[in-house]
Amino acid sequence: MIKRPNYGIFNIPCQWRYDNPMPTQRLFFAIWPDEPVRERLHAAARELILDEARAIAADAVHLTLVFIGSVDTERRACLEQAADGIKASAFTFTLDQAVFWSKPQILWLGCSAQPAPLLGLVQGLTAGAEQ
């Protein structure tokens, strides 16, 4: 797992693809809040989710910016290189929306007003992922 100050690549090991002998990982770019913020988000999620859902561990709380999908190690290296070239200004935002998807049991927290630097970061990461 790679952590960066404002964003990072989160990986989830997955099975080998049949058409590709190289192992793959499911990747996405995400904001990794500091520990106090993660703890507050984790506590809020536990209050918001339904009884049949389970909360992820506090140290896994993140805010997904761009979902990449399954990639091999070569593609991951290219994504890391593209992400290293992205510069973003500091920004703040308020998580004021919550949606629970029951089938994947995911609680999504989002912001109704996205600051320009956040949108620029997402655009840069998306462009880098499309190269």
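1. Cys-78, by contrast, is partly exposed, with a relative accessible area of 41%. As a reminder, a disulfide is a covalent bond between the sulfur atoms of two cysteines. Taking a disulfide as a pair of cysteine sulfur atoms within 2.5 Å, the count here is 0.

2. A word on the basis of these remarks. This is a predicted model, in which local features need pLDDT of at least 70 and side-chain atom pairs count only at pLDDT 80 or more, while totals for chains, interfaces and linings use all residues. Residues are numbered from 1 along each chain as its sequence is written, and side-chain values use heavy atoms, with hydrogens and water left out.

3. Now the overall layout. The protein chain has 3 helices and 6 strands (DSSP runs numbered from the N terminus: helices are H or I with at least four residues, strands E with at least two). Read from the N terminus, the order is β-β-β-α-β-α-β-β-α. Of its 131 residues, 33% count as buried.

4. The term stands for a side-chain nitrogen of Lys or Arg within 4 Å of a carboxyl oxygen of Asp or Glu. Arg-76 counts as buried, since its relative accessibility is 11%. A search of the whole structure finds 1 salt bridge.

5. Next, the charged surface. Asp-34, Glu-35, Glu-39 and Asp-59 gather in a patch of negative charge. Patches take residues with over 30% relative accessible area and no salt bridge, joining like charges within 9 Å and nonpolar side chains (Val, Leu, Ile, Met, Phe, Trp, Tyr) within 5 Å. Asp and Glu count as negative and Lys and Arg as positive, with His and the chain ends not counted; the charge is placed at NZ of Lys, CZ of Arg, CG of Asp or CD of Glu. Glu-39 belongs to helix 1 (residues 35-48) and is partly exposed, at 41% relative accessibility.

6. There is a nonpolar surface patch as well, made of Val-99, Trp-101, Ile-106 and Trp-108, with about 350 Å² of accessible area together (Shrake-Rupley method, 1.4 Å probe; for residues, only the protein chains shown count as cover). Strand 5 (97-101) and strand 6 (106-110) each supply at least two of its residues. Val-99, in strand 5, is partly exposed, with 33% relative accessible area.

7. Finally, some pairs that are separated in sequence, with distances given between C-alpha atoms. Ile-31, in strand 3 (residues 24-31), counts as buried at 11% relative accessibility; its C-alpha atom is 5.8 Å from that of His-62, 31 residues away along the chain. Leu-119 lies in helix 3 (residues 116-130) and is partly exposed at 39%; Leu-119 and Leu-65 are 54 residues apart in sequence and 9.4 Å apart in space, C-alpha to C-alpha. Ala-44, in helix 1, is partly exposed at 28%, and 9.9 Å separates its C-alpha atom from that of Leu-109, 65 residues apart along the chain.

Terms used:
Buried < 20%, exposed > 50% of the residue type's maximum accessible area, 1.4 Å probe, protein only.
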